[in-house]
Amino acid sequence: MKWRWEFLTVSEFEVALERSGRVAMIPIGSLETHGPHLPLGNDGLTIGKIADMVAQIEPVVVLPTLFYTQSYQAKLHPGALCIHAELLTALLENICEEAYRNGFEKIVLLHGHGGNTPAMEGFLRILADKGKPYSLYSIPPWAGMGEFIDQIKETENVGHACEIETSISLYLFPEGVNMEAVRGKVFPKQEELDVSPASTPVDWMATWPEGPMGDPSKATIEKGEKLVQKWVEVIVDILRRIKNDTVVPKLMRQLREAK
Ligand SMILES: [Zn+2]
């Protein structure tokens with residue numbers, strides 16, 4: 001069965017709405033440097049495919065992948081397309097309103113790009129404060145994967161365009177990966193910024209000035225297959241618990257009535 005909003009006909013849409021339990025999912029990526037070997041849209045390409053695989057196991061209507069998001073630190077490299085935080089928040093709110101108007105009562109933000117998650121935390125709070133009649137859930141990149149990644153990885157530094165992310169891309173879209181560009185190349189960590197545990201708006205670029213982390217040449221399709229299977233499994237589990245959840249809808253209703 002088809003679960004992608006953009007591929008459904010009107011009558012298929014009505015069936016998918018009911019069969020999903022009125023739950024929609026928005027895959028959210030980015031357009032930014034992923035080093036010399038991965039495409040700029042890597043996060044959206046990845047998370048869109050993960051969402052499609054999840055929907056085949058646990059019914060959920062998947063909205064078109066959102067590539068236009070936040071990646072302001074990546075503006076230091078060519079190809080970044082960064083949407084202002086206020087505009088991104090307004091756009092996502094508008095998309096959620098439209099999903100609700102079409103009958104969805106729970107909306108899941110499925111993140112493929114870590115740079116969006118701080119803004120999303122703010123977004124969730126803004127919508128709760130507005131007393132929206134639908135429930136929102138936000139799943140960060142590689143959610144619940146920490147221990148599994150530790151078992152798989154051969155290199156220490158992972159997180160962006162690294163051994164792990166490159167393995168996943170090699171498995172999902174090998175045609176978009178150029179491993180020759182990272183043969184024998186390691187992206188070292190810079191320790192120059194010394195204000196921890198204070199955080200700054202430029203932590204990533206201060207620590208990883210080239211963008212990628214560690215040694216992506218250690219990526220393999222086999223690692224990618226295991227990582228993707230686990231990632232899908234974890235999200236299916238979270239999605240099932242979201243479907244069963246009655247707490248968030250109740251509290252959102254109370255917040256709305258408290259206004
Ligand atoms: Zn990425």
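Biologist: Is S20 buried or exposed?

Modeller: Buried means under 20% relative accessible area, exposed over 50%, and partly exposed in between, with a 1.4 Å probe and protein chains only. S20 has a relative accessible area of 0%, so S20 is buried. This is a predicted model, in which local features need pLDDT of at least 70 and side-chain atom pairs count only at pLDDT 80 or more, while totals for chains, interfaces and linings use all residues. Residues are numbered from 1 along each chain as its sequence is written, and side-chain values use heavy atoms, leaving out hydrogens and water.

Biologist: Where does S20 lie, and which residues is S20 in contact with?

Modeller: Helices (H or I, at least four residues) and strands (E, at least two) are DSSP runs, numbered from the N terminus. S20 sits in the loop between helix 1 (10-19) and strand 1 (23-28). Contact means heavy atoms within 4.5 Å. Apart from neighbours within four places in sequence, the contacts of S20 are W3, P59, V60, V61, F104 and K243.

Biologist: Which residue in that loop has a positive phi although it is not a glycine?

Modeller: Most residues other than glycine have a negative phi, and most peptide bonds are trans. R22, in the loop between helix 1 and strand 1, has a positive phi of about 60 degrees. With a relative accessible area of 25%, R22 is partly exposed. A161 also has a positive phi, about 50 degrees, and is found in the loop between helix 5 (146-152) and helix 6. A161 is buried, its relative accessible area being 0%.

Biologist: Which residues does a cis peptide bond join?

Modeller: S196 and P197, with omega at about 5 degrees. P197 belongs to the loop between helix 6 and helix 7 (203-207).

Biologist: What are the protein donors of the zinc ion?

Modeller: Donors are N, O and S atoms within 2.8 Å of the metal (3.2 Å for Na, K and Ca); water is not among the atoms, so sites may look incomplete. Here the protein donors are H34 (NE2), D43 (OD) and E165 (OE), 1.8 to 2.1 Å from the zinc ion. Along the chain their spacing is H-x8-D-x121-E. D43 in helix 2 and E165 in helix 6 are 122 residues apart, a pair that links distant parts of the chain. Both D43 and E165 are buried.

Biologist: At what angle do helix 2 and helix 6 cross?

Modeller: Axes are lines fitted to C-alpha atoms, for helices over the stretch in contact, and angles run from 0 to 180 degrees between N-to-C directions. The axes of helix 2 (residues 42-57) and helix 6 (residues 163-172) cross at roughly 60 degrees and come within 10 Å. Angles under 35 degrees count as roughly parallel, over 145 as roughly antiparallel, 65 to 115 as roughly perpendicular and the rest as oblique. Helix 2 and helix 6 are therefore oblique to each other. Their contact involves N42, D43, T46, K49, I50 and M53 of helix 2 and E165, I168, S169 and L172 of helix 6.

Biologist: How far apart are the axes of helix 6 and helix 8?

Modeller: The axes of helix 6 and helix 8 (residues 221-244) are 7 Å apart, and the packing angle is about 90 degrees. Helix 6 is therefore roughly perpendicular to helix 8. In helix 6, E163, I164, S167, I168, L170, Y171 and L172 meet I221, K223, G224, E225, L227, V228 and W231 in helix 8.
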